[in-house]
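Subject: Structure for your review

Hello,

Here is the structure I said I would pass on. My notes on it follow below the display.

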Amino acid sequence: MHQLPSLKTADETECRFFLFQPLQELRQKALPALAETSDPNGVDAGPIVVVDRNVLAAHRARVESAFPPGICRYFELPPGEGSKSIASWKGIIDFALSGQVRRNTPLVAVGGGVTGDLAGFAAASLLRGLPLYQVPTTLLAMVDSAVGGKTGINHDFGKNTIGAFYHPEAVLFDTEFLDTLPEREWLCGISEVLKYGYIRDSKLLEQGAALANPATREPQLLWEVVHSSVMIKSGIVQEDAREAGKRAWLNFGHTFAHALETLDGYRNINHGEAVYAGMIAALYVSGTRGGRVDNEPLLSLRTWYNLKLNRFESQIDKLVALMHHDKKNRDSSIQLVLLEEPGRPKLERIEDPAILYEAWEHVFRVLEAP
């Protein structure tokens with residue numbers, strides 16, 4: 001077992017990371033008193049496990065050996081971005097309150113980014129805060145969404161517009177969950193790895209591109225990429241827990257991406273695909289502002305992503321309008337994360353929407369190229 005340094009924020013919140021062992025061993029380290037948390041006298045309540053239905057079907061023995069059903073109560077969540085909704089959040093709340101639940105009742109999120117964000121917001125809301133444990137089962141969740149304490153759900157107004165900053169007690173990384181991860185979901189995580197490559201460590205551009213190819217997914221390389229990504233994100237969050245400054249760098253490409261996801265209605269394009277397109281757009285805007293950037297690490301992966309966006313070409317007006325809804329904006333301007341060069345991100349307010357139109361046109365043009 002490998003344990004990274006804990007993430008400690010300014011308010012003394014601490015999150016521990018346990019990496020790369022079978023889930024049962026990780027749980028025994030992170031939550032050793034589990035066997036004692038279901039008291040027959042009702043003093044304590046057993047953990048609530050919010051689990052992606054597909055993950056449970058593929059890894060039932062792994063999950064149940066770590067979190068025995070006789071002790072834990074299971075809430076199965078339908079897969080997909082559509083579950084990040086008010087209705088699903090209420091479903092978890094109703095389920096939790098229908099049985100024994102107290103302020104020391106752990107809530108365990110087992111799944112990808114959707115499950116982690118939704119269950120995390122439920123944990124933040126229930127009794128004003130239950131102990132939260134994240135068990136990420138996708139590459140995206142391991143390198144990004146399970147780390148940093150952002151929780152939330154979507155609204156018709158925009159993505160992640162309802163939520164809270166709420167750090168887990170621990171994140172448990174068992175990379176064997178990735179053995180059954182579909183190709184599209186794998187690439188979803190690669191997008192976030194490339195993001196870290198652009199904003200902090202250019203080595204991850206090469207490593208992320210290598211991992212995109214099934215023939216080069218070596219366990220050691222995966223270990224290095226997950227380790228580096230977690231350290232980068234936790235380090236930035238430790239300096240800026242609530243996105244007052246540097247943490248906004250983690251949104252590189254995301255303002256474009258969230259607009260695309262919202263316009264799509266969270267139906268056909270997954271988050272990583274949208275981020276991939278969003279980074280192409282952000283690199284284009286960076287170049288118009290004097291940034292010395294190379295989009296080849298992204299464009300070299302076009303055939304892997306095979307992203308078709310031509311149906312949105314006539315809707316750039318709507319995409320730009322949705323970018324104004326992004327929760328990171330403070331006024332009528334749009335805040336973007338741009339690059340002076342790889343490893344040197346900056347925040348810039350965009351007043352003139354013309355450059356945003358150009359960026360979207362560039363994305364559509366690039367992705368349609370042979």
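Predicted model: local features only at pLDDT ≥ 70, side-chain atom pairs only at ≥ 80, totals over all residues.

**Leu127 and helix α4**

Leu127 sits in the loop that joins α4 to β6 (132–136). Its phi is positive, near 50°, and the residue is not a glycine. As background, most residues other than glycine have a negative phi.

Leu127 follows helix α4. That helix covers residues 113–125, which is 13 residues. From the first C-alpha of α4 to the last is 18 Å, close to the 18 Å expected at 1.5 Å a residue. α4 is mostly covered, with 12 of its 13 residues buried. The buried set consists of Gly113, Val114, Thr115, Gly116, Asp117, Leu118, Ala119, Gly120, Phe121, Ala122, Ala123 and Ala124.

A positive phi also turns up at Asn306, at about 50°, and Asn306 is not a glycine. Asn306 belongs to the loop between α12 (302–305) and α13 (316–323).

**Helices α7 and α8**

Two packed helices are described by the angle between their axes and the distance between the axes. For α7 (residues 203–212) and α8 (residues 219–239), the axes come within 10 Å and cross at roughly 135°. That angle makes α7 oblique to α8. The crossing of α7 past α8 is left-handed.

On the α7 side, the contact is made by Leu204, Gln207, Ala210 and Leu211. On the α8 side, the residues are Leu221, Leu222, Glu224, Val225, Ser228, Ser229 and Ile232. Sorted by class, the contact of α7 with α8 has seven nonpolar residues, three polar and one charged.

**Two histidines**

Are His254 and His362 buried or exposed? His254 is buried, with a relative accessible area of 5%. His362 also counts as buried, at 12% relative accessibility. The cut-off for buried is under 20%.

His254 lies in helix α9 (residues 254–264). Leaving out residues up to four places away in sequence, His254 touches Glu192, Lys195, His271 and Val275.

His362 is part of helix α14 (residues 354–368). With residues up to four places away in sequence again left out, the contacts of His362 are Ile280, Tyr284 and Asn295.

Regards

Note on methods: Residues numbered from 1 in each chain as written. Heavy atoms only, no water. Axes fitted to C-alpha atoms, helices over the stretch in contact; angles between N-to-C directions. Helix = DSSP H or I, 4+ residues; strand = E, 2+ residues; numbered from the N terminus. Parallel < 35°, antiparallel > 145°, perpendicular 65-115°, else oblique. Left-handed = near helix turned anticlockwise from the far one by under 90°. Contact = heavy atoms within 4.5 Å. Nonpolar A, V, L, I, M, F, W, Y, C, P; charged D, E, K, R; others polar. Expected span 1.5 Å × (residues − 1). Buried < 20%, exposed > 50% of the residue type's maximum accessible area, 1.4 Å probe, protein only.
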